[in-house]
Amino acid sequence: MEALLEDAYINSQVASYPVSMLEDHAIAVDATYYLHLQLDSQPSEPLLSALGGVTGIQSRIENDLNQWQANNVIPFFIFDGQNLKGQDEVNIRRAREGIAQTDRAWEQYFNGQADAAVQSFGENTNAFHPHNFYRLLQGILKERKLHFLVAPFNAAAQIASFDMTDSDQAGGVMGSVELLMYPINDCVIRSIDWETRTVRAVSKTHLLSVLNVTDHTFVDLMLMAGTSFLPAFPALTDGNIIKNQPSNINDALNILRVARKDVTQVCITFADTLKAQDPNWLDKYRKARMLVDHFTYIKENGEITVHNYDTLTQDNYEYLGLSLPPEMFHYLNTGLIGPRILNPITHAFTQAEASKKQTSASMEVLPTLDGTVSPEYRKLVTQQTPQIKEAALSLVVARLHRAFLHSTVTMGVWFDRDFKRKLWDFKNQGPYLEQWKSWRVSAEIVEKLFPDFVHGSIFSEVLALEKPEFVATTFSQKDKKVKNLSPDLIKSFSIWRFLHIRGYVDSKHELTSWGKALSQALTALQPTAKRYWKVPHLYESIIVALELVRFDLLNAKNKHEELRGLPMHGSEDDQLSLLLISRCACLLKLRHESYGYTGPLSKSLLAFRSLASEVRAADRDLVEAILASTFMAAQADRRKDANWELGNSLPFHFDPDVSLGIAVKTFFDEINPNDPEIAKKKKNFPSSYIPYATAFPEDLEIACEFFKAIYAGIKALPQSELSANDQAVWGKAAKYLEARA
């Protein structure tokens with residue numbers, strides 16, 4: 001379990017029990033921990049961090065859940081909610097360590113050491129966070145009618161609450177060692193081997209006994225050893241002090257004993273080490289200790305509560321964050337929205353805090369898989385996507401208590417810890433809420449004008465705005481409130497409002513130049529989308545493509561030859577054309593068997609994926625903010641229990657890996673203009689390069705038609721929006737493809 005914050009000493013105290021002890025019981029399972037187990041299980045997918053995704057985890061989860069069912073054990077999955085104070089810092093530290101590991105793997109790959117590179121990549125599943133698979137796992141659980149819950153903050157605290165109260169919802173708990181910090185009754189299940197019918201678990205009572213410490217001291221030891229929200233005590237990571245690295249909880253105990261089991265005294269003893277490595281560690285520890293003592297959870301009656309509420313300090317917002325209304329936790333728990341849009345609000349700074357110099361930020365841009373900090377990436381995350389995030393925050397904060405209006409949201413970035421940007425405050429709310437309010441559409445008008453309208457398709461919503469008689473009916477009216485919107489209408493409202501805020505629609509609700517380009521691209525793609533109707537997310541990928549074009553990112557610029565993996569054959573124009581085509585293909589998915597990927601890699605395309613992922617995530621934040629605002633403004637019909645389905649039906653949660661981009665680049669790099677053997681090469685290509693691809697000829701066709709559709713939109717743009725030189729590059733790429741496809 002290299003990817004987890006595990007402790008070798010604690011793991012050495014694990015005991016085995018028969019699976020029969022769990023029979024006919026529900027087990028509360030930490031979803032993040034469970035996904036780590038699945039990612040680390042065999043057959044593993046070592047190229048996860050080199051591709052930005054996996055191919056076989058769904059079948060692995062399905063097979064494992066079949067075993068739970070066969071053994072009459074019910075998993076009750078608990079998902080992490082919002083980040084705890086300090087969690088972003090730990091995530092950044094660990095991800096940067098992961099980047100250093102993958103950099104070594106890439107160097108081996110570039111030097112022709114393929115086997116060594118695969119092994120090195122495989123040792124770093126830490127680079128890809130399991131949160132990326134939350135929606136996949138939740139979808140599987142929904143299909144199996146298995147209940148799950150999204151905690152207000154960390155899943156460990158929520159799971160501990162079941163054990164603490166002897167809840168009938170869970171007869172046992174399974175998760176990481178962090179569960180041991182909380183008031184659980186005894187054992188934490190670490191793993192289940194269905195073949196040997198064995199459960200491995202560690203007893204908290206046993207640990208307290210062998211360490212000879214109280215529960216209070218044990219929590220301090222766990223915090224010193226490092227958690228998901230507190231870096232390890234610096235002396236424990238110093239090889240000159242602790243020879244055997246990584247250190248463990250027993251090493252922490254030896255240090256704590258020297259200081260009479262007082263953490264403050266330990267910090268005084270190692271003051272020089274702290275000053276050199278982490279001067280603020282003691283303050284971080286104190287906040288983390290308060291987080292453990294006053295964890296937040298959902299009671300069985302649905303109430304959001306804080307443990308030991310009576311002893312909360314008045315400055316609890318400094319460690320718990322600002323207290324959101326229960327309504328927001330309900331939307332989070334039911335899957336209507338994710339935690340990303342809530343995190344910066346919870347961790348916003350009060351006016352008093354904002355006036356002081358802060359060492360942390362309300363939200364952090366986390367490290368990418370490739371670790372490349374190019375000028376275009378730096379500009380994207382510090383100047384371009386913050387505009388989208390500002391719009392999202394404006395929509396949500398406006399619906400909250402007035403106190404939130406006087407808070408300040410700041411943003412930090414992983415590659416420059418001194419960088420801080422004010423992302424939102426009450427002086428800078430923008431026009432976004434007024435744009436949101438301007439929409440009112442009746443279901444009757446939609447049905448009358450568009451009998452074949454498909455809500456949430458994007459295609460129907462965009463094409464509808466080309467009809468003047470429809471546009472005239474879309475404006476809000478003071479005497480007619482928008483209310484009781486069906487899930488279908490909510491989907492369409494969310495898309496129209498998104499298009500308006502992002503500049504595809506103007507104040508007259510008419511398509512702008514970019515909106516017309518989007519319409520042209522969607523229309524060009526429609527025959528392909530109809531033919532391959534089982535391939536999802538094609539229309540939303542068109543929006544992502546145009547967003548990237550607007551940010552000057554989807555083009556043939558910024559080759560970054562040092563990243564390797566670029567086209568190699570043909571003229572300079574040919575290579576640039578193929579680079580552009582393969583970047584477009586990175587926005588789609590290669591269909592693949594449930595085996596680990598085997599094929600060529602490209603760090604260049606992985607770096608492009610990081611750009612696309614940042615844009616897609618920001619757009620998703622905006623969509624979720626629009627959706628949340630619709631519910632908070634009482635416009636939605638809340639009688640229907642369809643929050644998860646509604647949230648997951650809206651665009652931009654699809655984040656494909658780069659395997660199709662690599663396949664397209666590799667295939668066309670071997671094809672000559674008007675190649676007479678193209679059919680033969682297309683047939684033989686998968687077995688030579690991507691043996692587990694299930695439908696490469698179709699995926700290749702989709703990628704080509706997808707590029708042509710984007711180009712159709714590009715041609716509709718005036719030169720005031722996209723220069724003639726940039727449009728000419730797309731034209732050359734279109735001719736390149738025409739001669740080879």
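Tutor: This is a predicted model. In it, Trp439, Phe450, Phe453, Phe470, Phe493 and Trp496 form one aromatic cluster. The structure holds 32 aromatic pairs. One of them is formed by Phe233 and Trp281.

Student: What makes the pair of Phe233 and Trp281 edge-to-face?

Tutor: The ring centres are 5.0 Å apart, and the limit for a pair is 6.5 Å. The planes stand at 70°; angles over 60 degrees count as edge-to-face, so that term applies.

Student: Why is the pair said to link distant parts of the chain?

Tutor: Phe233 is in the loop between helix 10 (215–225) and helix 11 (249–258), while Trp281 is in helix 14 (residues 281–293). The two residues are 48 residues apart.

Student: Why does Phe233 count as buried, and what about Trp281?

Tutor: Buried means under 20% relative accessible area. Phe233 has 0%, so it counts as buried. Trp281 also has 0% and is therefore buried.

Student: Why are helix 10 and helix 11 called roughly perpendicular?

Tutor: Their axes cross at roughly 115°. The range from 65 to 115 counts as roughly perpendicular, so helix 10 and helix 11 are given that term. The axes come within 9 Å, and the crossing is right-handed. Among the residues that meet are Phe218 and Leu221 in helix 10, and Ala252 and Leu256 in helix 11.

Student: How do you know that the charged end of Arg740 sits over the ring of Tyr736?

Tutor: That charged end is 3.8 Å from the ring centre, and the distance limit is 6 Å. Arg497 likewise lies over the face of Trp436, at 3.8 Å from the ring centre.

Key: Residues are numbered from 1 along each chain as its sequence is written. This is a predicted model: local features need pLDDT of at least 70, side-chain atom pairs count only at pLDDT 80 or more; totals for chains, interfaces and linings use all residues. Side-chain values use heavy atoms; hydrogens and water are left out. Rings of Phe, Tyr and Trp (its six-membered ring) pair if their centres lie within 6.5 Å; planes under 30 degrees apart count as stacked, over 60 as edge-to-face and the rest as tilted. Helices (H or I, at least four residues) and strands (E, at least two) are DSSP runs, numbered from the N terminus. Buried means under 20% relative accessible area, exposed over 50%, partly exposed in between (1.4 Å probe, protein chains only). A charge sits over a ring if NZ of Lys or CZ of Arg is within 6 Å of the ring centre and within 35 degrees of the ring normal. Axes are lines fitted to C-alpha atoms, for helices over the stretch in contact, and angles run from 0 to 180 degrees between N-to-C directions. Angles under 35 degrees count as roughly parallel, over 145 as roughly antiparallel, 65 to 115 as roughly perpendicular and the rest as oblique. A crossing is left-handed if the near helix is turned anticlockwise from the far one by less than a right angle, and right-handed if clockwise. Contact means heavy atoms within 4.5 Å.
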